[in-house]
Amino acid sequence: MAQVAAASPSEERRHRGVARRVAATRAATIVLVLAALWGLWEGYKWLWETTGWTWPFVVDDTTMPHLHDIVGAFGDPATAGGPALIHPLLDAAWFTAKEALAGFLLGAAIGFALAVVLAHSRLLERGLLPYIVASQTVPILAIAPMVVVGLGSKGVEGWKSVAILAAYLTFFPVAINTLRGLKSVDARALELMHSYAASRWHVLWRLRVPASLPYIFVALRISATASVIGAIIGETPASIQEGLGGAIVNFNQYYSLQPTFLWATNVICAALGISFFALVAITERLVLRRAPENIA
Amino acid sequence: MTAAPSRVVEIRGLTKSFRTGVTALQEIDLEIEAREFVSLIGPSGCGKSTLLRIIGDLIPATSGTVLVNGKAAHQARLDHDYGIVFQDSVLYDWRTVARNVSLPLEMLRWNRAKRQARVKEMLELVELTGFESNRPWQLSGGMQQRVSIARALSFDPALLLMDEPFGALDEMTRERLNMELLQIWAKAGSTVVFVTHSIPEAVFLSTRVVVMSARPGRIAEVIEVDLPQPRTATTREEPRFFELVTSVREALAAGRGDAARPAAAEDLY
């Protein structure tokens, strides 16, 4: 009956062996997928160039630079006699990451607070939810200038305005998913809290929030990448030059001369989004140590 | 519990009808004295779980009075006068076994040292010492239900409400937990209201068995169980045990209005 005996040393060693094999498999998968993507890109390029096919678009070193050229561009000087491209790009990534992180945290906090309020009042949920949904149908490009100019006239720094734009994209998934999580609590568990004459506060923090953590983390994963996108897009209408959005606009203008620079910038953007996602995933793993079948 | 009234539960003229028009309970009168172990048994839909929930103020009565410890059920709930155990253990899987047991104590604002001492004591009571830092899902169904009992008793409630607590367990686990529950009941000195589908379980555990009939739910008969205490494994083999099982079965059949087929109650065994 006591099948929960502590793991013996040999079992532990076996576990560690299994874990190592899992990690190795995962690393091999990543390498394989990258190799396959490289093969696809270069294969496509080679086939279209040798056959001269022009559909759906002409393939040459401008439209599809060699991948090794894109990687090599990181080492090329960004401006004549200037530092290698990787340096300004990393600076820009850092700048955008700051905006995205601030936006992510702000948006997550607002989304969570909204969900808590809506979960406790059906009236507010019915009244406000349609507008919250509607808010996401307004393109961020349309509100960005208003936010940046409006806040700028109050002396708010540009990057803070962009952070607010990122928050605008972030809060929505968090609010919707958290609301769903808070409301999906097991009826028996609620009765149990009721039997203890638990206050709403206790029910919220001891039952509803922990029970909805899996929902919240799904939302945070979505929001993590959305906040990076929001920051990059928000920089453009705000005419902020220091971030990745500024870099994209800049290298877009020189695309016919230096296509690899724009591609290299895209690689950095993707890497930033992936690191945000990974950060949330790691946090989730640390926080949610529960039944294996409950880990999303 | 100083100067506790000896009557723990007092129900007068209790009726419960649902908005659908169904009368779940009609004119229930029931008194339960301190340290009694009372089982509610009856066919599905007889309202035995509803009655338990009304005693616990989890749902309101339509009319009639329910007093727990001489107070309205609502006040008794606010005063933490009862602990409840459901069919599933309802353990929080993000908490360890120890922190599940201490959950009600946190609501009562006990300090950490006091909580830890009580958790240790309760896990000894249900014989789960050593499992403090396990997660609920690492335990078997029977062990989970013992954690749930420890949690319900942790704050020393006068009344323990149990809603088919062993219904989801296999027969062997159920019989072992029956024995353990009686030992816990003897040690903790609480009063128990126990809802069950099982006639032998009701007879084995109880000092009184309340037999209910369905549509509308009423008390058909109350049977005193005069088996000697403490009950042991051999209690189930005594002739008196079988006589009492037979009387409960007959009372159930009479409640259904078909005394001719006493053993045919489809959801009872």
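This is a predicted model: local features need pLDDT of at least 70, side-chain atom pairs count only at pLDDT 80 or more; totals for chains, interfaces and linings use all residues.
Biologist: Let's start with the helices. Why are H8(A) and H10(A) called roughly antiparallel?

Modeller: Helix H8 (residues 200-235) and helix H10 (residues 259-287) of chain A pack at an angle of about 160 degrees. Angles over 145 degrees count as roughly antiparallel. H8(A) and H10(A) therefore get that label. Their axes are 9 Å apart, and H8(A) passes H10(A) in a right-handed crossing.

Biologist: Which residues of H8(A) and H10(A) meet?

Modeller: On H8(A), they include A:Leu213, A:Phe217, A:Leu220 and A:Arg221. On H10(A), A:Leu272, A:Phe276, A:Val280 and A:Glu284 are among them. By class, the contact residues divide into 14 nonpolar, 3 polar and 2 charged.

Biologist: Now chain B. What makes strand E8 (residues 191-196) of chain B largely enclosed by the rest of the structure?

Modeller: The cut-off for a buried residue is 20 or more other C-beta atoms within 10 Å. In E8(B), 6 of the 6 residues are buried, so the strand is largely enclosed.

Biologist: Which way do the residues of E8(B) point?

Modeller: B:Thr191, B:Val193 and B:Val195 point one way. B:Val192, B:Phe194 and B:Thr196 point the other way. All of them are buried.

Biologist: How do you know that E8(B) pairs with strand E3 (residues 37-41) of chain B?

Modeller: Pairing takes at least two bridges. E3(B) and E8(B) are joined by 5 bridges and run parallel.

Biologist: What joins E8(B) to strand E7 (residues 159-163) of chain B?

Modeller: Again there are 5 bridges, in the parallel sense. B:Leu161 has B:Val193 of E8(B) as its bridge partner.

Biologist: Which strands make up the open sheet that holds E8(B), and in what order?

Modeller: The order is E6-E7-E8-E3-E9-E10 in chain B, and the pairing is mixed. Neighbouring strands of this sheet are turned by 15 degrees against each other on average, direction ignored.

Biologist: What makes E6 and E10 of chain B edge strands?

Modeller: Strand E6 (82-85) and strand E10 (218-224) each pair on one side only.

Biologist: What is the order of the 4 strands in the antiparallel sheet of chain B?

Modeller: That open sheet runs E2-E1-E4-E5. Strand E2 (23-33) and strand E5 (71-72) stand at its edges. Each has a single partner strand, so one side of each is left without a neighbour in the sheet. Strand E1 (residues 7-17) and strand E4 (residues 63-68) pair over 5 bridges, in the antiparallel sense. The bridge partner of B:Ile11 in E4(B) is B:Val66.

Biologist: Why does B:Leu51 count as buried?

Modeller: B:Leu51 has 27 C-beta neighbours inside 10 Å. The cut-off is 20 or more. B:Leu51 therefore counts as buried. Its place is in helix H1 (residues 48-55) of chain B. Beyond its neighbours within four places in sequence, B:Leu51 is in contact with B:Leu25, B:Ile28 and B:Leu40.

Biologist: Is B:Asn69 buried or exposed?

Modeller: B:Asn69 is buried, with 22 other C-beta atoms within 10 Å. B:Asn69 lies in the loop between E4 and E5 of chain B. Although not a glycine, B:Asn69 has a positive phi of about 55 degrees.

Biologist: Why is B:His80 called partly exposed?

Modeller: B:His80 has 17 C-beta neighbours inside 10 Å. Buried needs 20 or more, and exposed needs 12 or fewer. B:His80 falls in between, so it counts as partly exposed. B:His80 also has a positive phi of about 55 degrees. Its loop lies between helix H2 (73-78) and E6 of chain B.

Biologist: Last, how many residues of chain A and chain B are in contact?

Modeller: 17 residues of chain A are in contact with 22 residues of chain B. H7(A) gives the most to the side of chain A that touches chain B, with 6 residues. By class, that side has 9 nonpolar, 4 polar and 4 charged residues.

Methods. Residues are numbered from 1 along each chain as its sequence is written. Chains are lettered from A and ligands numbered from 1 in the order in which they are written. Axes are lines fitted to C-alpha atoms, for helices over the stretch in contact, and angles run from 0 to 180 degrees between N-to-C directions. Helices (H or I, at least four residues) and strands (E, at least two) are DSSP runs, numbered from the N terminus. Angles under 35 degrees count as roughly parallel, over 145 as roughly antiparallel, 65 to 115 as roughly perpendicular and the rest as oblique. A crossing is left-handed if the near helix is turned anticlockwise from the far one by less than a right angle, and right-handed if clockwise. Two residues are in contact if their C-beta atoms, placed from the backbone, lie within 7 Å. Ala, Val, Leu, Ile, Met, Phe, Trp, Tyr, Cys and Pro count as nonpolar, Asp, Glu, Lys and Arg as charged, and the others, Gly among them, as polar.
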